[in-house]
Amino acid sequence: MAAKKRSEMGIKHEFKSYRDITPMHVSLGNMLHNKTGGWRFIKPIYEDKIPACQNACPAGNDIEGWVKLLNNKEYEKAYWHLKREEPFPAILGRVCFKFCEDACNRTVLDDCIQIKELERFVGDQFAPATPHPELPDYNGQSDKIRSLAVVGSGPSGMSVAYFARLLGFRVTIFDKEALLGGILRLGIPNYRLPRQVVASEFEGLSLMGVELRPNTEIGKDIPLETLTQTFDYVFLATGAHRSIQMELTANISCCQIMSAMTILKQVARGETVALGKRVAVIGGGNTAIDAARTAIRMGCHVTVIYRRSLTEMPAHPEEVREAQEEGVIFRFLAAPEDITINADTTIENLVCCEMELGPTDESGRCRPIRKEGVTFDVPADTILIAIGENPDFDYLGRRVCSTDTIIRTGDDLAILSDHPDGAKVFAGGDMIDIPHTVVHAVASGKKAAIAMDCDRRGIAFSDVLNQIRIGSGDALSFSRYMNWAPVNPVLQNDQKVVDSTKIVYDYFIKMPGCEKTIQPADLRKDSFEPYHSTLSVEEALHETERCMHCGRCTECDNCLIFCPDVSILDQTRETFGYAIDYDYCKGCGICLTECPRHAITMVAEG
Ligand SMILES: Cc1cc2nc3c(=O)[nH]c(=O)nc-3n(C[C@H](O)[C@H](O)[C@H](O)COP(=O)(O)OP(=O)(O)OC[C@H]3O[C@@H](n4cnc5c(N)ncnc54)[C@H](O)[C@@H]3O)c2cc1C
Ligand code: SF4
Ligand code: SF4
């Protein structure tokens, strides 16, 4: 619901002379003897709350906190504050689907704060190798050190390694690939996420003391049992890399029909890929769009065939728009029906049929239904299949409880196991039942690290969970777990969310966000180089100026000015915020009404 401004609701009073003003009593003496605080049955308190943006970020990123530091030009502090909850800002600042921006309260006024771009700006300021100010030392506590083996170096594996290392674990990451980073390195193309950005995060992890073991496949080079017998904890983060096959192609032998994921990996490894001139991509997710844009950059004419409409497409709308600008043709409401192959095993023809949308299915989207007899040909030298990926559980043997597509875990992400011998095994990222995004994978790594630490300390994770959960979703605060001080040294309420209904928009003026610097499509479509630059210092500071600091006191003085009982007391420069003189505060709540950002709460007296 759009919040209504008071100027839109207000009644105008016009006074022609002072006689029109209601007479009032004025005391010429001192009224301090009249302690009006005694009339009160509710009282205001200063209480910082969770802004809508932080509530929407699956990693519980304290956006307002580091934006404030950034606005003060305290760049290094902002960087480390950001990394308290979200360890890889240069990565997420490039590829996150920005759930925070969709929720940003500023949207009601003009446009959301460009949080993802700011995150990228902060992440790019410092090399991840900069020594971590909070890194614990192993010296003198060897009896308390626990070891953790991480299987898979994608974002969930990187995240659990980062947080577990901060908790004092000795961590080793194993990956079967020579190039570390999972999908970040082998799936998402360089033009969206430069290789160097991912590689430098591994330099950072390595300098924190995390041991990196590339080229080591668990289940082949080392059996999983060896890890469970030699480490105290094991975290499985092997993602979902097994491409789902299309029934239509099951009996066709043609080397020009390939999984889109395979092509992305080949390009990332620098291998030679021959696609021909015309490429058809089947599917509508991230893999389909990245494969289509990769093929465009290889000079191909590309058609994406998706069986539902644009609205139902799982790929991010921004990616789809950019792909369209680069020349990718989209055939929505279409599905492959027949593929004919020439004698030399090249593709002769791809026949597609038109679809229409039927009633909603179990995925919550409209079911695509074939339109009888309406077909068309799509010329194609190569067909790339991108209809989804499932995890590969072969290396687990029969140890764990899983369906075909996910591993079942408890609330603490410990896997439900048939044979609980040796190490406790946890899992995260795309192999468990969470949305397949980088930030969800990072959040699962954080959660598992905290759960393992609780286990090591012999405390119940379920009790801790209630103390560190932020807002109304599943996000957890690592800062709260570590008892790190917030930016504003005032009472924190981690459960109350400040959404747009709580903001007094009259106190904010319109200020448009800065324009994104993005290369035109005709230039970027010929190159694998990044096409989108990081904000300049001026642009970043402009965006921080726009932040309304929802739910957080900024010492704006509104409460001080408006209090009719002069009960708000300004403090010394050294002490943040205000004090309330409860001898005279009547609990009228004017301070709450006039606080632009809802940083005051009225609580029952007593
Ligand atoms: C093409 C593509 C583009 C995407 N784009 C985005 C995007 O822009 N934004 C976004 O938020 N999300 C995006 N996603 C989704 C996101 O990348 C995933 O949700 C995320 O990478 C999952 O992380 P993960 O750690 O679970 O696994 P992964 O990133 O898949 O990493 C798993 C790692 O485990 C290793 N491994 C597997 N088996 C073994 C074994 N037996 N032994 C040792 N190592 C093993 C693999 O080599 C791999 O390195 C995209 C996905 C794809 C496929
Ligand atoms: S990680 Fe994603 S959702 Fe969270 S603050 Fe950054 S851009 Fe927003
Ligand atoms: S205005 Fe600032 S604090 Fe408020 S929701 Fe947007 S980014 Fe968050």
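## Exercises on a predicted model

By class, ten nonpolar, two polar and two charged residues form the shell around ligand 3. The model you are looking at is predicted. Let's work through it together.

### Exercise 1: Ligand 3

Find the residues that come nearest to ligand 3, and work out where this ligand lies relative to the domains.

*Solution.* 
- Step 1. Start from the 14 residues around ligand 3: Pro51, Cys53, Cys104, Cys547 and Cys550 come nearest.
- Step 2. Look for the elements that give two or more residues to this shell; they are α2 and α3.
- Step 3. Bring in the domains. Domain 1 (1-10 + 29-47 + 490-508 + 548-606) and domain 2 (49-126 + 481-489 + 509-546) both give residues to the shell, so ligand 3 lies between them.

### Exercise 2: A helix and its cover

Decide how many residues of helix α7 are buried, and name elements that cover them.

*Solution.* 
- Step 1. Locate α7 at residues 115-125.
- Step 2. Apply the cut-off: a residue is buried if 20 or more other C-beta atoms lie within 10 Å of its own.
- Step 3. Nine of the eleven residues in α7 pass, which makes the helix mostly covered. Among them are Ile115, Leu118, Phe121 and Val122, and also the charged residues Lys116, Glu117, Glu119 and Arg120.
- Step 4. Turn to the cover. It includes α2 (52-56), α3 (63-71), α4 (75-85), α5 (89-95), α6 (99-103) and α19 (537-546).

### Exercise 3: Ligand 1

Describe the shell around ligand 1 by its nearest residues, its classes and its helices.

*Solution.* 
- Step 1. There are 37 residues around ligand 1, and the nearest are Gly152, Gly154, Gly182, Gly239 and Gly429.
- Step 2. Sort the shell by class: 15 residues are nonpolar, 16 polar and six charged.
- Step 3. Check the helices. At least two shell residues come from each of α8 (155-166), α13 (286-297) and α15 (438-457).

### Exercise 4: The sheet with β17

Give the strand order of the open sheet that contains β17, and find which helices pack on it.

*Solution.* 
- Step 1. Five strands with parallel pairing follow the order β5-β4-β3-β6-β17.
- Step 2. At the edges stand β5 (211-213) and β17 (424-427), each pairing on one side only.
- Step 3. On average, neighbouring strands here are turned by 20 degrees against each other, direction ignored.
- Step 4. Follow one pair: β6 (residues 233-236) runs parallel to β17 and is joined to it by four bridges. In one of these, leucine 236 has alanine 427 as its partner.
- Step 5. α8 touches β3 (147-151), β4 (170-174) and β6, with its direction at about 170 degrees to that of β4. α15 touches β3, β6 and β17, at about 160 degrees to the direction of β17.

### Exercise 5: The sheet with β8

Which strands stand at the edges of the open sheet that contains β8, and which helix packs on this sheet?

*Solution.* 
- Step 1. The order is β8-β15-β9-β10-β11, again five strands with parallel pairing.
- Step 2. β8 (257-259) and β11 (329-331) each have a single partner strand, so one side of each is left without a neighbour in the sheet.
- Step 3. Here neighbouring strands are turned by 25 degrees on average, direction ignored.
- Step 4. Three bridges join β10 (residues 301-305) to β11, where arginine 331 stands opposite isoleucine 305.
- Step 5. Helix α12 (residues 260-268) packs on the sheet by touching β8, β9 (278-282) and β15 (382-385), and its direction makes about 75 degrees with that of β8.

Notes. Residues are numbered from 1 along each chain as its sequence is written. Chains are lettered from A and ligands numbered from 1 in the order in which they are written. This is a predicted model: local features need pLDDT of at least 70, side-chain atom pairs count only at pLDDT 80 or more; totals for chains, interfaces and linings use all residues. A residue is near a molecule or strand if its C-beta atom, placed from the backbone, lies within 6 Å of it. A residue is buried if 20 or more other C-beta atoms lie within 10 Å of its own, exposed if 12 or fewer, and partly exposed in between; C-beta atoms are placed from the backbone. Two residues are in contact if their C-beta atoms, placed from the backbone, lie within 7 Å. Domain bounds come from an automatic or database domain assignment. Two strands pair if DSSP finds at least two bridges between them. Axes are lines fitted to C-alpha atoms, for helices over the stretch in contact, and angles run from 0 to 180 degrees between N-to-C directions.
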